[in-house]
Amino acid sequence: MAETVHVLVAEDEPLAAMAIEDFLSRKGYRVTLAVDGLDAMERLQADPADLVITDLRMPRMDGHALIRELRRRDPGLPLVVMTGFLSLDGNADDITGDAWKPLEVLRKPVSPQMILDTLERLLARHAL
Amino acid sequence: MLAGVASWFDSSAYMPHGVCLLWRPDLLALHVGADALTGLAYYSIPVALVYFVWRRRDVAFSWVFWLFAAFILACGTTHFFGIWTLWNPDYALEGVVKAVTAAVSVLTAAALWLLMPRALALPSPRQLAITNAALQREIAERRAAEERYTGFFNNLAEGLFVVTVRPDGRFALDTLNPVHARATGLDPARICGRLVEDVLPPATATAVVERYTACVAAGGPIDYEEVLDLPVGRRVWHTVLVPVRDVSGRVVQLLGSARDITERKRLQEELEQASKLATLGTLAAGMAHEMSQPLNIIRIWAENALSRLREGTLDAARTEKVLTLAAEQTERMGRIIDHMRTFARRDRGGAEPFDPAPCVRSAVDLVRNQYALEGIAVSTGPDGGEPGGPVLVLGRPLQLEQVVLNLLSNAYDAIREQGRGGRIAVEVDADAAADHVRITVSDTGGGIPESNLPRIFDPFFTTKEVGKGTGLGLSIGFGIVDAMGGRIEAQNLEHGDGQRGVRFTITLPVVRPAGSKAEVAHG
């Protein structure tokens, strides 16, 4: 890898965020943590990321709002969604359609390896 | 005197009557002929009368015929005596016969006049014919009516049956219509007139006799649902019994109509089951989300530690941190499971006196943080404590918590639907002096259309999208509050800042445990 890949993780549960950061850092990624959507937007403004991992339910600005905002700015930015909800479809916040791609959904509980695999798959496709 | 009367019978003193006729053969012949014919004719009439009375035993006033016979017989005898005295001067004997004849004649004449009104009242054959024709018509009409009602009885789709209430108070099955015979599997020919307990299985007989007795005691129609084991199997019936009284007012008969509602009951149960499953689905989804948070943390930390272990970068301090964290998160999961358990147990145990305030607080605590993340603030009003100590209501605390949770969840959905943040205010107004406690949940969710307000407590009424609400939450809440002797009401309200919303008010009666009065007095 010529350049270190920058990943932003938006997750309001600091315990989960910390472990993801530790894991991805050890795998050679540069990780930035954000506690909610607004925090993520501010950090991305200052330091754009190659990929964003986000939770859905967060204070102030939730995952759905964050995804909409990011898509509006960059239709090609790879996104990974982590959620504890059983169902994501059937409402106004549907993010399962093709319009939202490149986007992958991971169901909680997630494993760090799973995040890594998804991340690499999305980045490989993005690089093509 | 007696000697005088005896001298009447001394015929030697008189001359035969023929002397008066100068023994003229032509005159004698005329008398003898006329008297003989008259006498014979008179004698034949009683025979005819007696023969008539003897053949027509049903004839009215037959004794009058006997009297007539005696009178005519006597008359005939006087004529024969008229012939006898032409040659033999037994005038005394003839006088006696005439006297007897006179007596019988007077008697007959008097009897006839006395009898006249009753004889006149006897219907004539013409009158009888008219009466007969009228009777025939009435019979025909009654037959037609009978056929019509038999038609109803035999062809109505409703199961009909008739029960005889015997003077000893026991019940006999009289009849049942073909529909009911088919529905029950009972044969009308075999049950007719037999006691209920001789025809039906013992448990079924006991059950129906109890109902029949209740109907007689009520003295009016009764209406109920029952499950009966019958020759066709176990069926559920909706039955109506109507008592029939005789002129003295005693209930002599019960008319029953019964409809087999087994299928309807089954569908109803299926529907209830489906709604239970829907509630379970909502519950399962919520639980899955709650559990996914700690599980997520444990999995990420555990696998991250495993990865470090393989790399050789897992030190003791990090291991301790990971294990502590896993223990803490499993404890958090345990608490979630405990709450689910108390929810699952909510139907067990009876009502108890409890303070509703902590119960409401606990419901609010359950959602406050979650709602705050969505920009919905839940306030519990000024907590100034409760003057005079806690106010108690009677019921099950977890059920009340469930009702409040449902109201909070409805408020949450309504606010979310508006696409912006909002407020939910929960207040417990427990005035020790009053005999009731009021719990209010107000929101800024836009309110409920006035036309929907009367229906919101109806089962299955929902304004949410298909699949979003069961339409049972408020109706279950209504049932719980009603069982506590309280009531729940909804009204639209206009907040000061122009926002609209709904206020649900739960009013519960206050119970005072023994001794609490003294506590209030000293407090």
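**Figure 1. Antiparallel sheet of chain B, with strand E1 (residues 159-165) joined to E2(B) by 5 bridges in the antiparallel sense.** The model is predicted: local features need pLDDT of at least 70, side-chain atom pairs count only at pLDDT 80 or more, totals for chains, interfaces and linings use all residues, and side-chain values use heavy atoms, with hydrogens and water left out. Residues are numbered from 1 along each chain as its sequence is written, while chains are lettered from A and ligands numbered from 1 in the order in which they are written. Helices (H or I, at least four residues) and strands (E, at least two) are DSSP runs numbered from the N terminus; two strands pair if DSSP finds at least two bridges between them. The open sheet has 6 strands in the order E3-E2-E1-E6-E5-E4 (chain B), and the pairing is antiparallel. Strand E3 (194-195) and E4 of chain B are at the edges with a single partner strand each, so one side of each is left without a neighbour in the sheet. Val165(B) stands opposite Phe171(B) in E2(B). E1(B) is also joined to strand E6 (residues 251-260) of chain B, antiparallel, by 6 bridges, and Phe161(B) has Gly256(B) in E6(B) as its bridge partner.

**Figure 2. Hairpin of E5(B) and E6(B), with 5 residues between the strands.** The two strands pair in the antiparallel sense over 9 bridges. Val244(B) has Gln253(B) in E6(B) as its bridge partner. In the turn, Gly249(B) has a positive phi of about 95 degrees.

**Figure 3. The largest cavity, with a volume of about 180 Å³.** The structure holds 1 cavity of 30 Å³ or more. A cavity is a set of points, on a 1 Å grid over the protein atoms alone, where a 1.4 Å probe fits but cannot get out; lining residues have an atom within 4 Å of a point. Grid points are joined across faces, edges and corners, and the volume is the space filled by probe spheres set on the points. The lining of the largest cavity comprises 16 residues, of which Phe161(B), His180(B), Val208(B), Tyr212(B) and Leu228(B) lie nearest its centre. At least two lining residues come from each of strand E2 (171-176), helix H6 (178-184), helix H9 (202-218), strand E4 (222-230) and strand E5 (233-245) of chain B. E4(B) gives the most, with 4 residues. The lining divides into 12 nonpolar, 3 polar and 1 charged residues, where Ala, Val, Leu, Ile, Met, Phe, Trp, Tyr, Cys and Pro count as nonpolar, Asp, Glu, Lys and Arg as charged, and the others, Gly among them, as polar.

**Figure 4. Contact of helix H2 (residues 25-55) with helix H3 (residues 62-87) of chain B.** The helix axes come within 8 Å and cross at roughly 160 degrees. Axes are lines fitted to C-alpha atoms, for helices over the stretch in contact, and angles run from 0 to 180 degrees between N-to-C directions. H2(B) and H3(B) are therefore roughly antiparallel to each other, a term for angles over 145 degrees. H2(B) passes H3(B) in a left-handed crossing, that is, the near helix is turned anticlockwise from the far one by less than a right angle. The residues of this contact comprise 23 nonpolar, 8 polar and 1 charged.

**Figure 5. Leu22(B), in the loop between helix H1 (2-8) and H2 of chain B.** Leu22(B) has a positive phi of about 60 degrees although it is not a glycine. Most residues other than glycine have a negative phi.

**Figure 6. Strand E13 (residues 500-511) of chain B and its pairing with strand E9 (residues 392-395) of chain B.** E9(B) and E13(B) run antiparallel and are joined by 2 bridges, with Val393(B) opposite Val510(B). Strand E11 (residues 436-443) of chain B is joined to E13(B) by 7 bridges, also antiparallel; here Ile439(B) has Ile506(B) as its bridge partner. Strand E12 (residues 487-494) of chain B pairs with E13(B) in the antiparallel sense over 8 bridges, and Ala490(B) stands opposite Phe504(B). E12(B) and E13(B) form a hairpin with 5 residues between them, and Gly498(B) in the turn has a positive phi of about 90 degrees.

**Figure 7. Open sheet of 5 strands in chain A, in the order E2-E1-E3-E4-E5 with parallel pairing.** The edge strands, strand E2 (30-34) and strand E5 (103-107) of chain A, each pair on one side only. Strand E1 (residues 6-10) and strand E3 (residues 51-55) of chain A run parallel and are joined by 4 bridges. Leu8(A) has Val52(A) in E3(A) as its bridge partner.

**Figure 8. The cis peptide bond from Lys108(A) to Pro109(A).** Omega is near 0 degrees. Pro109(A) lies in the loop between E5 and helix H4 (112-127) of chain A.

Methods:
Parallel < 35°, antiparallel > 145°, perpendicular 65-115°, else oblique. 1 Å grid on protein atoms, 1.4 Å probe; cavity = no way out; pocket = protein on both sides within 12 Å on 5 of 7 lines; lining within 4 Å.
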